[in-house]
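Please take a moment to look over the sequence and the 3D structure shown here.

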Amino acid sequence: MTQGKGQGFGFGLGKMKELAEAIKKAQQVQEGAKQLQEDLEQMEIAGEAGGGLVKVVMSGNQEPIRAEITQEAVDKGLDGLSELVTEAMKDAYQKSTETMRDRMEDLTGDLNLPGLSG
């Protein structure tokens, strides 16, 4: 029984290099994800309703920051105001979700991970 020299369990140097590259990329993504989380926490993303009658501001990771309600929105009554606030919240949520998704695609785009890149 002869065994080829330098083969060691069939895991050649080429595979080791690929593995090292994959680990390096994973570490870069981990660092990038940490920075992204910090960036998202600092962002302010506004959603509006009624042409600016109500504005809701969320962080990039969808934490509510504040709501701005105009007198004109208040004058629409409770039901009208409630609808405007809900609409503004949905707008802010949608914008923050898109921002988060875009930033994640930027972070993982060069990895060619199945399901993550477009």
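The count of salt bridges comes to 4, where a salt bridge is a side-chain nitrogen of Lys or Arg within 4 Å of a carboxyl oxygen of Asp or Glu. The model is a predicted one, in which local features need pLDDT of at least 70 and side-chain atom pairs count only at pLDDT 80 or more, while totals for chains, interfaces and linings use all residues. Residues are numbered from 1 along each chain as its sequence is written, and side-chain values use heavy atoms, with hydrogens and water left out.

One of these salt bridges is formed by the side chains of Arg 103 and Asp 39, at 3.0 Å from N to O. Because Arg 103 lies in helix α3 and Asp 39 in helix α1 (residues 13-42), the pair ties together parts that are 64 residues apart in sequence; helices (H or I, at least four residues) and strands (E, at least two) are DSSP runs, numbered from the N terminus. Arg 103 has a relative accessibility of 28% and counts as partly exposed, and Asp 39, with a relative accessible area of 25%, is partly exposed as well. For these words the cut-offs are under 20% relative accessible area for buried, over 50% for exposed, and partly exposed in between, with a 1.4 Å probe and protein chains only.

The side chains of Glu 44 and Arg 66 also meet in a salt bridge, again with 3.0 Å from N to O. Here Glu 44 lies in the loop between α1 and β1 (45-49), and Arg 66 lies in strand β3 (residues 64-69), so the pair ties together parts that are 22 residues apart in sequence. Arg 66 is partly exposed, with a relative accessible area of 37%. A further salt bridge joins Asp 91 to Lys 95, whose closest N and O atoms are 3.2 Å apart. Both Asp 91 and Lys 95 lie in helix α3, where they are 4 residues apart, about one turn of the helix. Through salt bridges that share partners, Glu 44, Arg 66 and Glu 68 are joined into one network.

These elements can now be placed in the whole chain. The protein chain has 3 helices and 3 strands, and from the N terminus on its elements run α-β-β-β-α-α. Buried residues make up 21% of its 118 residues. Its accessible surface comes to about 8800 Å², of which 53% belongs to carbon and sulfur atoms; accessible areas come from the Shrake-Rupley method with a 1.4 Å probe, and for residues only the protein chains shown count as cover. Of the contacts with a separation of 6 or more, 48% are accounted for by residues 24 or more positions apart, a contact being heavy atoms within 4.5 Å.

Which residues does Ser 96 touch, not counting those up to four places away in sequence? Ser 96 lies in helix α3 and is buried, with a relative accessible area of 0%, and the residues it touches are Ile 45, Met 58, Ser 59, Gly 60 and Gln 62. Ala 88 is found in helix α3 too, and it is likewise buried, with a relative accessible area of 0%. Leaving out residues up to four places away in sequence, Ala 88 touches Gly 47, Glu 48, Ala 49, Val 54 and Val 56. Between Ala 88 and Val 57 there are 8.8 Å in space, C-alpha to C-alpha, although the two are 31 residues apart in sequence.

Gln 62, one of the residues that Ser 96 touches, is in the loop between β2 (54-58) and β3. Most residues other than glycine have a negative phi. Gln 62 has a positive phi of about 70° although it is not a glycine, and Gln 62 is partly exposed, with a relative accessible area of 24%.

Last come the patches, which are made of residues with over 30% relative accessible area and no salt bridge, like charges being joined within 9 Å and nonpolar side chains (Val, Leu, Ile, Met, Phe, Trp, Tyr) within 5 Å. Met 16, Leu 19 and Ile 23 form a nonpolar patch on the surface, with about 260 Å² of accessible area together. Met 16 lies in helix α1 and counts as partly exposed at 42% relative accessibility. Glu 98, Asp 102, Glu 105 and Asp 106 gather in a surface patch of negative charge. Glu 98 is in helix α3 (residues 77-108) and is partly exposed, with a relative accessible area of 33%.

Conventions: Lys and Arg count as positive and Asp and Glu as negative; His and the chain ends are not counted. The place of a charge is taken as NZ of Lys, CZ of Arg, CG of Asp or CD of Glu.
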